[in-house]
Amino acid sequence: SFFIHAGMRNLGSASASKRPIFRRGQRRRFILPLAAFALLLAWFGVTLFLLSGLSEIQIEIQRKGLDADIVKAIQQTAELPSFPINHRSGEKRPPLSDQAISQCHKALWHTLDTTTYVLPNNETFVITGDIRDLWLRDSAAQIHPLLVPSVYNGQSLVQYDRKLERVVSGLILKTARYIRFDPYANAFKLHGNTQYNYFERTALGRHGFISTWNYELDSACYFMRMLYFFHTNFPLHPILREKEVKEAVMIMVDVWIAEQRHEDDMYPTGRLFDCVHCNKPYRYNPKELSRGGKGSITNSSAGLTWSGFRPSDDPCKYGYLIPSNMFATVSLTYMMDLATNVWIDEPLSKKCRKLRDEIEAGIQRHGVVEHKKYGKIYAYEVDGLGKSLLMDDANVPSLLSIPYLGYKYDEQVYANTLKFILSRSDPYYHVGHSNRMEFSGIGSPHTSHIPNSIWPMAMIMEGLVSRNVTQKIHIVNQVLASSGSGWMHES
C-alpha cells in the first residue's frame, strides 16, 4: 500500500494484478476513492461510456470462497461492458492531463471488473475492495457514478448501456433483501453458511448472511439515494414497484423513528420485523459501545436519530452523528417523492415528512454549536444534552461533504465549518510534503495508528464541493501524485 501522511513515505507499491491491493486486516476503502475520483473528473466534462463489447468475469472459486452452484450461475450471467472506457471525443478537452483522464477510465472499469457480480434472481452482488463482502454504503457509492445524469449525449451511463441498468437494478433488489434479513446490519456475505463462534454470534450479532452488524445510519441513506437516482433515470422501471424494495424503505423509516428514542430502549415492531435480532433494543459489543453495548447517553427528545457507528465503521462517541442525520433528511425527501408518485402511498409519504422535519429541527437545535474562533459551526456528533464532538472524518457522510449530500445547509455556518475542518483546529487535518509537492487534507481516527494520515477520499471530496476551478485541478493533480502505484488507496 502507498500511504500519504505528513512526513510522507512510500510503504510499498501495489501490484497491478487482481490480487487484493491491501493485506488482510487492512481497510477496504480503496474502491470508494476510485468511484469518487470519477465523479470529480466528471465535473470537468470527462464524461465516459462503456463500449458495447462483453467481458466475462473470471471467477476464482477458492479465492472468493463461493459455492460451486453460485459460481456456475455467475459464470452464466455475469456479462459486463468491456475495457477500455473512452472519454467524450469531438469536444473541447477539459484542462486536465491525459494521466487524469486515464486514471478516471481505469477507476470506473476497475470497480466494475473486480467488484461486481451479476447473480440469478435479478440480483447483483458488489464487494468492497479487499474484503469480499457487500457493504450497503460502499456498494451503493461504487455504482453512483453510473447514475449521475447527463454525462454522455444527455444520458447517464446506466441509461446508455442496458447491462449497467441490470447491474444497478440487481443491486437495489439485493440490498432490499438484505435489509429485510436484518435492518441493523451494515455488511453482508454472498452466502449464509459461515460458521461464527459464540462471541461473534452473541456480542457482534453475526449469523447467516451478516458480515458485520454495526448499525450505521448512513447505510440505508445510500440505499435510498441509489433507489431515487435510479428512479430519475427509469421512472417506470419494474424494480421500483417490487414489493421487497418498498418494504425495505418502510423498514428503515420505522427503524429511524424508533432510534430517535434509543435512550428509551425503543425498537421497531410489526410484521416486517421478523429477523433474529428484531423485537428487542439494539446492543453491540460492550468493548466498542459503552453502557453494556447501548452507547453513550442521549436525549430522546432531541428529534435526531441515533447511530451506533460512523461511516468509517468506528463507534460514535456521541450517538447523534450530524452528517448522517443530514443525509437522512435528504433521503427521506427522496422517499416522499417515491411514496407519492410511484407507490401512491400517502401515509408513508407523511411519515417520511414528519420524521424528516423532526430530524431537521434537531439539527438546527443541537447540531450547530458556537466555536470561540470560527463562530457558529456544524458539530460532527452531539448527544442532544449539550455535549458535542468537533472534528471531521474523511468517510462520507462527513461535514466536508454536506453540499455533496444534497443537504440544504446554512451558507455561513458551512463556510465557518469549512474553515474549522480544513485547519489545524481539526485534530484530523494534516499537512505534509512529498516529492516537492505539498499535500493537505482530512484523515480519520480509523487510521490513527498511522500518524498524520490523509485520506484521498477527503481530498477528492474537497474538490467536489469546491467552487474554484483552479482548486479542483490542483486537487486532481494532488490525488494523481499520491497514487504512486497507479491506484487509489485508503490513506
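1. Glu381 stands opposite Leu389 in S12, and this pairing belongs to strand S11 (residues 381-382), which joins S12 in the antiparallel sense over 2 bridges. Strands here are DSSP runs of E with at least two residues, helices are runs of H or I with at least four, both numbered from the N terminus, and two strands pair if DSSP finds at least two bridges between them. The open sheet has 3 strands in the order S8-S11-S12, with antiparallel pairing. S8 and strand S12 (388-389) stand at the edges with a single partner strand each, so one side of each is left without a neighbour in the sheet.

2. On the basis of the model: it is predicted, so local features need pLDDT of at least 70 and side-chain atom pairs count only at pLDDT 80 or more, whereas totals for chains, interfaces and linings use all residues. Residues are numbered from 1 along each chain as its sequence is written, and side-chain values use heavy atoms, with hydrogens and water left out.

3. The protein chain holds 17 helices and 14 strands, and 63% of its 491 residues count as buried, where buried means under 20% relative accessible area, exposed over 50% and partly exposed in between (1.4 Å probe, protein chains only). Among the contacts (heavy atoms within 4.5 Å) with a separation of 6 or more, 69% are made by residues 24 or more positions apart.

4. The whole structure contains 19 aromatic pairs, meaning rings of Phe, Tyr and Trp (its six-membered ring) with centres within 6.5 Å, called stacked when the planes are under 30 degrees apart, edge-to-face when over 60 and tilted for the rest. The rings of Tyr178 and Phe209 have centres 6.1 Å apart and planes at 55°, so this pair is tilted. Because Tyr178 lies in helix H7 (residues 162-181) and Phe209 in the loop between helix H8 (198-202) and strand S7 (210-212), the pair ties together parts that are 31 residues apart in sequence. Tyr178 is buried at 3% relative accessibility, while Phe209, at 28%, counts as partly exposed.

5. For Tyr374 and Phe420 the ring centres are 5.9 Å apart and the planes stand at 65°, so the pair is edge-to-face; both residues are buried. A separate aromatic cluster is formed by Tyr184, Trp213, Tyr215, Tyr282, Tyr284, Trp306 and Phe309.

6. Thr305 lies in the loop between helix H11 (290-293) and strand S8 (320-321) and is buried, with a relative accessible area of 0%. A polar atom of the Thr305 side chain lies 2.8 Å from the backbone oxygen of Trp256. Leaving aside neighbours within four places in sequence, the residues in contact with Thr305 include Trp256, Glu259, Gln260 and Tyr320.

7. Helix H17 (residues 469-482) has 14 residues and reaches 20 Å from its first C-alpha to its last, close to the 20 Å expected at 1.5 Å a residue, the expected span being 1.5 Å times one less than the number of residues. Asn468 caps the N-terminal end of H17, with a side-chain oxygen 2.9 Å from the backbone nitrogen of Thr470. Among the buried residues of H17 are Lys472, Ile475, Val476 and Val479.

Definitions and conventions:
Polar contact = N/O pair within 3.5 Å; in protein donor to acceptor, adjacent residues only side chain to side chain.
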